[in-house]
Amino acid sequence: MALLPAAFAAGPFPSRPIEFWIPFPPGGPTDASLRTLLNAASKEIGQQIIPVNKPGAGATLAASVMAQSAAPDGHVLSMVASNIFRMPHLQKTPYDPLKDFTYIMGLTNYRYGIVVRADAKWKNLEEFLADAKANPRKMTYGSVGIASSGHIAMEKLAKAAGASMTFVPYKGGAEELTALMAGEVDAVLDPGWGQYVTSGKLRPLAIVGEARFPRFKDIPTLKELGYDVTASSMVGIVGPKGMDPKVVKTLHDAFKKATQDPAYQKALQVIDLEEVYLSSEDYTRFAGEQYERERRVVQQLEIKLN
């Protein structure tokens, strides 16, 4: 009889639906692709994986709250991106990315670019930057959150070009792209805009990465245009610290199989996400390395959080 509670506690996983926290509002490109992945992973793991949107704090709120409140039994997970490693170097955070998370799997890498409205007067990046130089602080651009990868990349570009613009933070990709198309900002530097380019609503000026996009091969990178500026952000899955390795493996294996689902693969193509798989061990190693990379980047920044 004394063994019964322990045996019950060690029962099969998962024993109930799993919550998956998404750090963006619903409707954005990341949200859409993750919901497709969760649907496929639900079939693999034998329980429903429920998406829960928790935007805020520069896309770190979801993982931060999870780390403080969720039991390490694998029934609450969160998506994270590079901001989770950067924020502790900019302000005091209620989480430590090296101690408070269990790294389950690396999924994708964001591909960034600078886009304006299709009817904007700027036909290329040089015209855009020339206008920004001639009109300091008057031109505006959006990205997801203060100190996001997009925010930092645009500030680096402006500094390199001798220009200055006004930054407008948004909670998610859908919100910022809607604002751009409505004329509320002049440009956006972020991922997820490809479908609006192909539909004729937006115009890309430059790719902010090491290579051109596979389906936008005519759009040059910033490096090709003479600016040594790139942006990238690994998207991955984490749980609270202290998770059972067997539970981690069960989750990893289910998500790994789900990434091959045709609907998910199509979703990645629609929003130009680069598939970059990292195992639990590799993702844990990446976290430590990324934390140090972000420390070095922040030391060179003039961006301050209030």
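Modeller: A salt bridge is a side-chain nitrogen of Lys or Arg within 4 Å of a carboxyl oxygen of Asp or Glu. The structure, a predicted model, holds 13 of them.

Colleague: What makes D272 and R215 a salt bridge?

Modeller: Their closest N and O atoms are 2.8 Å apart. That is within 4 Å, so the pair qualifies. D272 sits in the loop between α10 (262-270) and β11, while R215 belongs to the loop between β9 and β10. The two are 57 residues apart, and the pair links distant parts of the chain.

Colleague: Why is D272 called buried?

Modeller: Buried means under 20% relative accessible area, exposed over 50%, and partly exposed in between (1.4 Å probe, protein chains only). D272 has 5%, so it is buried.

Colleague: What makes E224 and R212 a salt bridge, and what does the pair tie together?

Modeller: The closest N and O atoms are 3.0 Å apart, again within 4 Å. Both residues lie in the loop between β9 (202-207) and β10, so the pair ties together parts twelve residues apart in sequence. E224 is partly exposed at 48% relative accessible area. R212 is partly exposed too, at 34%.

Colleague: How many residues, and how many helical turns, separate E292 and R295?

Modeller: Three residues in helix α11, which means about one helical turn. E292 is partly exposed at 31%, and R295 is partly exposed at 32%.

Colleague: Which residues are linked in a network of salt bridges?

Modeller: E210, K223 and D228.

Colleague: Now the sheet. What is the order of its six strands?

Modeller: β2-β1-β3-β10-β4-β11, in an open sheet with mixed pairing. Strands here are DSSP runs of E, at least two residues; helices are runs of H or I, at least four residues; both are numbered from the N terminus. The twist averages 25° from one strand to the next.

Colleague: Why do β2 and β11 stand at the edges?

Modeller: β2 (49-53) and β11 (274-278) each have a single partner strand, so one side of each has no neighbour in the sheet.

Colleague: What makes β1 and β2 a pair?

Modeller: Two strands pair if DSSP finds at least two bridges between them. Five bridges join β1 (residues 18-22) to β2, so the two are paired. They run parallel. I22 stands opposite N53 in β2.

Colleague: And which way does β4 run against β10 and β11?

Modeller: β4 is antiparallel to β10, with seven bridges between them. F101 has P240 of β10 as its bridge partner. β4 is antiparallel to β11 as well, joined by three bridges. There, T108 stands opposite E275.

Colleague: What makes β4 largely enclosed?

Modeller: Nine of its nine residues are buried, so the rest of the structure largely encloses β4.

Colleague: Which strands does helix α2 lie across?

Modeller: Helix α2 (residues 29-45) lies across β1, β2, β3 (76-80) and β4 (101-109), at about 155° to β2. Angles run from 0 to 180 degrees between N-to-C directions, with axes fitted to C-alpha atoms, for helices over the stretch in contact. Helix α11 (residues 280-299) also packs on the sheet, touching β3, β4, β10 (234-240) and β11. Its direction makes about 90° with that of β4.

Colleague: Why does R86 count as buried?

Modeller: Its relative accessibility is 4%, under the 20% limit, so R86 is buried. R86 is found in helix α4 (residues 83-86).

Colleague: What joins the side chains of R86 and E294?

Modeller: A polar contact of 2.8 Å. The cut-off is N or O atoms within 3.5 Å; within protein, one must be able to donate a hydrogen and the other to accept it, and residues adjacent in sequence count only if both atoms are side-chain atoms. Contact in general means heavy atoms within 4.5 Å. R86 touches A147, S148, S149, I152, E294 and V298, leaving aside residues up to four places away in sequence.

Colleague: What is the average pLDDT of the protein chain?

Modeller: 92, and 95% of the residues score at least 70. pLDDT is the predictor's confidence in each residue, from 0 to 100. Over residues 1-9 it is below 50, and this stretch has zero contacts in the model beyond near neighbours in sequence. Where pLDDT is low, the predicted coordinates should not be read in detail.

Colleague: Which ground rules apply?

Modeller: In this predicted model, local features need pLDDT of at least 70 and side-chain atom pairs count only at pLDDT 80 or more, while totals for chains, interfaces and linings use all residues. Residues are numbered from 1 along each chain as its sequence is written, and side-chain values use heavy atoms, with hydrogens and water left out.
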